[in-house]
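Hi,

Here's the structure I promised to pass on. My notes on it follow below.

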Amino acid sequence: MSLDNRHYGYRRITVLLRRTGWMVNHKRVQRLRAEDNLLCVPKTAFRPATTDSRHRFTVYPNLARKLVPTAVNQLWIADITYVRLAEEFVYLAVVLDAFSRRVIGWCLEDHLRASLALGALEMALSTREVIPGGLVHHSDRGVQYACGDYVARLRSAGIQPSMSRPGCPWDNAMAESFMRTLKREEVDGRAYRDRADAEASIGPFIEEVYNRQRLHSALAYLSPEAFEASRPLLPAPAGGA
């Protein structure tokens, strides 16, 4: 398996080594990493705001809180994060399928307007078949997701909007987990010159590394693509939505 795993934790490294024939346990891997200073790149301290929930638009109830997807295209999770460039920030919007944690849509722009989130949504819609009424789209309460254009696009595709409760950051924990992985394994420690440079690195990381190669403990140490391939691909109605 070809994978830049310099930021992998000791448990995933142990799984990779065992799959290539090395009989090691996680304690030894952890010790060797510490001895050789094979540590993760630290996170940056400053975090610009990407969510503005002070708006006049409708805030939708949390439909995802008790929804456990059993197939693809039952629950999508959306979020936005920042990416540091040499002299400014750009912003990345993503849409994940909660069943497999696969990134099915993403968009990188130098602004936080609604078109950023819509770009990621349109990519997801272009690659997935949606059954009207059978899919919940969950996000935070940010203006990009609550605005009329975004909600209208969801409605036109037959998708039910869902939003996190106030003061409950764990409501969008899956998206936050992806963002942490992106920062730790791709963004942190890089020095992107401009948006094109960032996009040229982040795009392949999402499509090739994260979706196709990265092992997820929540997916029985399979990649999102492999996990989907091992399960039925036909979407089922989202129960409880």
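A residue is called buried under 20% relative accessible area, exposed over 50% and partly exposed in between (1.4 Å probe, protein chains only). Buried residues make up 48% of the 241 in the protein chain. Bear in mind that this is a predicted model: local features need pLDDT of at least 70, side-chain atom pairs count only at pLDDT 80 or more, and totals for chains, interfaces and linings use all residues. Numbering starts from 1 along each chain as its sequence is written, and side-chain values use heavy atoms, with hydrogens and water left out.

On the fold: the chain has eight helices and five strands, taken as DSSP runs (H or I, at least four residues; E, at least two) numbered from the N terminus. In sequence order that reads α-α-β-β-β-α-β-α-α-β-α-α-α. For contacts (heavy atoms within 4.5 Å), 65% of those with a separation of 6 or more are between residues 24 or more positions apart.

Phe99 sits in the loop between β2 and β3 (102-109), and it counts as buried because its relative accessible area is 12%. Beyond neighbours within four places in sequence, Phe99 touches Pro69, Thr70, Ala71, Val72, Leu219, Phe227 and Arg231. Its C-alpha is also 8.9 Å from that of Pro224, 125 residues away along the chain.

Then there's Glu88, in the loop between β1 (75-84) and β2 (89-97). Glu88 is partly exposed, because its relative accessibility is 47%.

Cheers
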